[in-house]
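Subject: Structure handover

Hello,

Here is the structure for your work. Please open it first, then read on for what was found in it.

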Amino acid sequence: MYIKICGITKLDQARAIAQMGADALGFICVPSSPRYISTNTIGQIIFSLTKSQSEQFVDLDLIGVFLNTSTAEICHAMESSGLNAVQLHGDESPEFCDRLRSQLDLINPQIKLIKALRVKDRAGLERAKLYSDIVDVVLLDAYDPQIAGGTGKAIDWQMLRDFCPNCDWWLAGGLSPENVAEAIALTSPQGLDVSSGVELSAGDKDLDRVKRFITSVKEYS
Ligand SMILES: O=C(O)c1ccccc1N[C@@H]1O[C@H](COP(=O)(O)O)[C@@H](O)[C@H]1O
């Protein structure tokens, strides 16, 4: 089971979490978020992590989370930071994703493209089908009328029992060490994404909770 720990802002925590066995670190490139981190600082963290060439860091996905950002800005962030995956967490259309895919291919065709959908009801789930042939992964997060992400709210997992798009899908929204086993049992995603459920405060990860989250996932899957 693929595990992404999101909302990283500190080098020492990034290193520790990668060493615990996370598959991906997420960096919030959304200025209005309390977990915002500049492209410059992301670049410094990635440079320090990857310069050792150590095994844990070679295959690590380093995901920039963007919200209604232009393709030009995203591509510039990718080229200047060392990020190797893009998560779109706003109202980006399938056409936007397609255009971005073409532009990312010119930088590096290996860049992973993830489209997050903030799901309120079954109609929201249907929208996933529009993206599944364009992106590498569909990520389902809970809907909140005020906050775009990192809300700590969960989707109604019962609704996801039969969710099976044409591409991989990851579950986000309100996951924690306490509930992740139940989430896997009910929804069977290919990946899991957590932020506020493993934090001391926004952007400051609780390494003990991260460890417990990863252990629970590995025990259960
Ligand atoms: O975490 C944020 O501040 C954020 C801001 C804007 C867009 C997405 C954001 N985070 C995403 O939210 C989910 C995890 O949320 P939770 O705290 O575990 O409920 C994850 O996809 C993050 O990438």
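Predicted model: local features only at pLDDT ≥ 70, side-chain atom pairs only at ≥ 80, totals over all residues.

Residues are numbered from 1 along each chain as its sequence is written, and side-chain values use heavy atoms, with hydrogens and water left out.

**Helices**

Helices (H or I, at least four residues) and strands (E, at least two) are DSSP runs, numbered from the N terminus. The expected span of a helix is 1.5 Å times one less than its number of residues.

Start with H9, residues 207-220. Its 14 residues should span 20 Å, and the end C-alpha atoms are 20 Å apart, which agrees. Buried means under 20% relative accessible area, exposed over 50%, and partly exposed in between (1.4 Å probe, protein chains only). The buried residues of H9 are Arg209, Val210, Phe213, Ile214, Ser216 and Val217. They cover an arc of only 160° around the axis, which puts them on the same side of H9. The arc is that of the directions from the helix axis to the C-beta atoms. What covers these residues includes strand S1 (2-6), helix H1 (11-19) and helix H8 (180-187). Contact here means heavy atoms within 4.5 Å. Asp206 caps the N-terminal end of H9, with a side-chain oxygen 3.1 Å from the backbone nitrogen of Asp208.

H2 (residues 39-50) has twelve residues. From first C-alpha to last, H2 reaches 16 Å, close to the 16 Å expected. Ile42, Gly43, Ile45, Ile46, Ser48 and Leu49 are buried in H2. Their cover includes H1, strand S2 (24-28), helix H3 (55-58), strand S3 (61-66) and helix H4 (71-81).

**Salt bridges**

A salt bridge is a side-chain nitrogen of Lys or Arg within 4 Å of a carboxyl oxygen of Asp or Glu. The structure holds twelve salt bridges.

- Glu199 pairs with Arg35, the closest N and O atoms being 2.7 Å apart. The pair links distant parts of the chain: Glu199 sits in strand S9 (residues 199-201), Arg35 in the loop between S2 and H2, 164 residues apart. Both Glu199 and Arg35 are buried.
- Asp61 meets Lys112 at 2.6 Å, N to O. Asp61 is in strand S3 and Lys112 in strand S5 (residues 112-119), 51 residues apart. Asp61 counts as buried at 12% relative accessibility, while Lys112 is partly exposed at 23%.
- Lys129 bridges to Glu126, with the closest N and O atoms 3.1 Å apart. Lys129 is exposed at 54%; Glu126 counts as partly exposed at 45%.

Salt bridges that share partners also join Arg35, Glu199 and Lys205 into one network.

**Aromatic pairs**

Rings of Phe, Tyr and Trp (its six-membered ring) pair if their centres lie within 6.5 Å; planes under 30 degrees apart count as stacked, over 60 as edge-to-face and the rest as tilted. The structure holds two such pairs.

The rings of Tyr2 and Trp170 have centres 4.4 Å apart and planes at 20°, so the pair is stacked. Tyr2 lies in strand S1 and Trp170 in strand S7 (residues 168-171), so the pair ties together parts 168 residues apart in sequence. Tyr2 is buried at 15%, and Trp170 is buried at 2%.

Phe163 and Trp169 have ring centres 5.0 Å apart and planes at 85°, so the pair is edge-to-face. Phe163 counts as buried at 13%, and Trp169 counts as buried at 2%.

Best regards

Methods:
Polar contact = N/O pair within 3.5 Å; in protein donor to acceptor, adjacent residues only side chain to side chain.
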